[in-house]
Amino acid sequence: MSSSTKDEILHEASRMLLSKGLNGFSLQELAAALNIKKASLFHHYPSKNALAVELYRFYQSAFLSWTQKYAHLPAEKQILAYADTLTNWICEKQRVCPVGALSLEWSLVDPDLQAEIIKLHKIQREWLTKLFKEIQKEH
C-alpha cells in the first residue's frame with residue numbers, strides 16, 4: 001500500500017471519527033469507503049486503536065503546521081482565524097473538534113490514545129495561552 005493510500009486511510013478515518021466518533025464506524029466500513037480490503041488496513045495499522053493513535057499524532061502535526069501558517073499575523077488575528085477555522089469545521093463540514101470528539105467515549109478510550117488526545121489539547125492550550133499573554137502585554 002502506497003503512502004498516498006495510507007494518507008487516504010487517515011483522511012477517511014478522520015472524517016468518520018469526527019462525524020461519528022471512534023465507536024461509530026467499523027474498520028469494515030472504513031475499508032468499504034476506501035474501496036479496499038479490510039486486510040489492507042491491517043497492513044499499516046494492526047488495530048483500530050493504532051489507527052486512532054496515528055490520527056491524533058496527525059492532528060498534532062497538522063495543528064502545529066496550521067499555527068505556523070498564521071504566525072505572521074498579530075495574536076488577535078491568529079485567534080480569530082482559529083475561531084473561523086473551528087466554526088467552518090463544525091458548521092460547514094459537520095464535524096467536531098478532535099479534542100472533544102471522544103469526550104463521550106473517554107472511559108472506553110485506550111490509555112495510549114488518551115495520551116495523544118491530551119497532547120493535542122496541551123499543544124492547543126499552550127498556543128492560545130501564549131497568544132493571550134501577547135495580547136495582554138499590548139494592552
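Me: Which residue forms a salt bridge with K122, and how far apart are the closest N and O atoms?

Reply: Side chains of opposite charge can pair when their charged atoms come close. Here the partner of K122 is E126, and the closest N and O atoms are 3.9 Å apart, where a salt bridge requires a side-chain nitrogen of Lys or Arg within 4 Å of a carboxyl oxygen of Asp or Glu. This is a predicted model, in which local features need pLDDT of at least 70 and side-chain atom pairs count only at pLDDT 80 or more, whereas totals for chains, interfaces and linings use all residues. Residues are numbered from 1 along each chain as its sequence is written, and side-chain values use heavy atoms, with hydrogens and water left out.

Me: Why are E126 and K122 separated by about one helical turn?

Reply: They are separated by about one helical turn because they lie 4 residues apart in helix α6 (helices are DSSP runs of H or I, at least four residues, numbered from the N terminus). E126 counts as partly exposed at 44% relative accessibility, and K122 counts as partly exposed at 42% (buried means under 20% relative accessible area, exposed over 50% and partly exposed in between, with a 1.4 Å probe and protein chains only). K130 and E134 form another salt bridge, with 3.5 Å between the closest N and O atoms, and they too are 4 residues apart in helix α6.

Me: How many salt bridges are there by this rule, and which parts does the pair R57 and E116 tie together?

Reply: The count comes to 6 salt bridges. The side chains of R57 and E116 meet at 3.3 Å, N to O, and because R57 lies in helix α4 while E116 lies in helix α6, this pair ties together parts that are 59 residues apart in sequence. R57 is partly exposed, at 42% relative accessibility, whereas E116 is buried, at 5%. A network of salt bridges links R57, E116 and K119.

Me: What is the nearest side chain of opposite charge to E105, and how far away is it?

Reply: For charge, Lys and Arg count as positive and Asp and Glu as negative, with His and the chain ends not counted. E105 is buried yet has no salt bridge, and the nearest side chain of opposite charge, K48, is 7.1 Å away. E105 lies in the loop between α5 and α6 and, leaving out residues up to four places away in sequence, touches G21, L22 and N23 (contact means heavy atoms within 4.5 Å).

Me: Over the ring of which residue does the charged end of K48 sit?

Reply: The charged end of K48 sits over the ring of F25, 4.5 Å from its centre (this requires NZ of Lys or CZ of Arg within 6 Å of the ring centre and within 35 degrees of the ring normal). The charged end of R95 is placed likewise over the ring of W89, 5.5 Å from the ring centre.

Me: How many aromatic pairs does the structure hold?

Reply: A pair of aromatic rings is described by the distance of the centres and the angle of the planes. The structure holds 9 aromatic pairs (rings of Phe, Tyr and Trp, the last by its six-membered ring, pair if their centres lie within 6.5 Å; planes under 30 degrees apart count as stacked, over 60 as edge-to-face and the rest as tilted). One of them is the tilted pair W66 and Y70, at 4.4 Å centre to centre with 35° between the planes.

Me: Where does N35 lie, and is N35 buried or exposed?

Reply: N35 lies in the loop between α2 and α3 and is exposed, with a relative accessible area of 70%. N35 also has a positive phi of about 60° although it is not a glycine.

Technical notes:
Helix = DSSP H or I, 4+ residues; strand = E, 2+ residues; numbered from the N terminus.
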